[in-house]
Amino acid sequence: MNEIVTGMFFWLLKILGAYLALMIIFTMILSRWKKKAKEETEDIAQSRKKRSNR
């Protein structure tokens, strides 16, 4: 009985560890994507200002 509980506990730890790793990776990808989108938006705004000033 004790061996089964220990096995289930380690199985649960592995799943939680994988979930945590996926969330960290997803957060990093999302933050990079948001930063890139913000830079592109600023570039578009600057190019529009340049066009309107001409």
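1. In which helix is E40 found? This is a predicted model, and in it E40 lies in helix 1. The relative accessible area of E40 is 46%. E40 is therefore partly exposed, since that class lies between the 20% limit for buried and the 50% limit for exposed residues.

2. As to secondary structure, the chain has 1 helix and 0 strands. Helix 1 covers residues 2-53, and L12 has its place there too. L12 counts as partly exposed because its relative accessibility is 43%.

3. The overall dimensions deserve a remark. The C-alpha trace spans about 80 × 5 × 5 Å along its principal axes. The chain has a radius of gyration of 23 Å, whereas a compact globule of 54 residues would have one near 10 Å.

4. On burial, the figure for the chain is 0%: that is the share of buried residues among its 54 residues. The accessible surface amounts to about 5,700 Å², and carbon and sulfur atoms account for 67% of it.

5. Charge is the last topic. On the surface, a patch of negative charge is formed by E39, E40, E42 and D43. E40, one of the residues in this patch, is the partly exposed residue of point 1.

Note on methods: Residues numbered from 1 in each chain as written. Predicted model: local features only at pLDDT ≥ 70, side-chain atom pairs only at ≥ 80, totals over all residues. Heavy atoms only, no water. Helix = DSSP H or I, 4+ residues; strand = E, 2+ residues; numbered from the N terminus. Rg over C-alpha atoms; globule rule 2.2 N^0.38 Å. Buried < 20%, exposed > 50% of the residue type's maximum accessible area, 1.4 Å probe, protein only. Areas by Shrake-Rupley, 256 points an atom, 1.4 Å probe, with all protein chains shown as cover. Patch = residues over 30% accessible without salt bridge, like charges linked within 9 Å, V, L, I, M, F, W, Y side chains within 5 Å. Salt bridge = Lys/Arg side-chain N within 4 Å of Asp/Glu carboxyl O. Lys, Arg positive; Asp, Glu negative; His and termini not counted. Charge placed at Lys NZ, Arg CZ, Asp CG, Glu CD.
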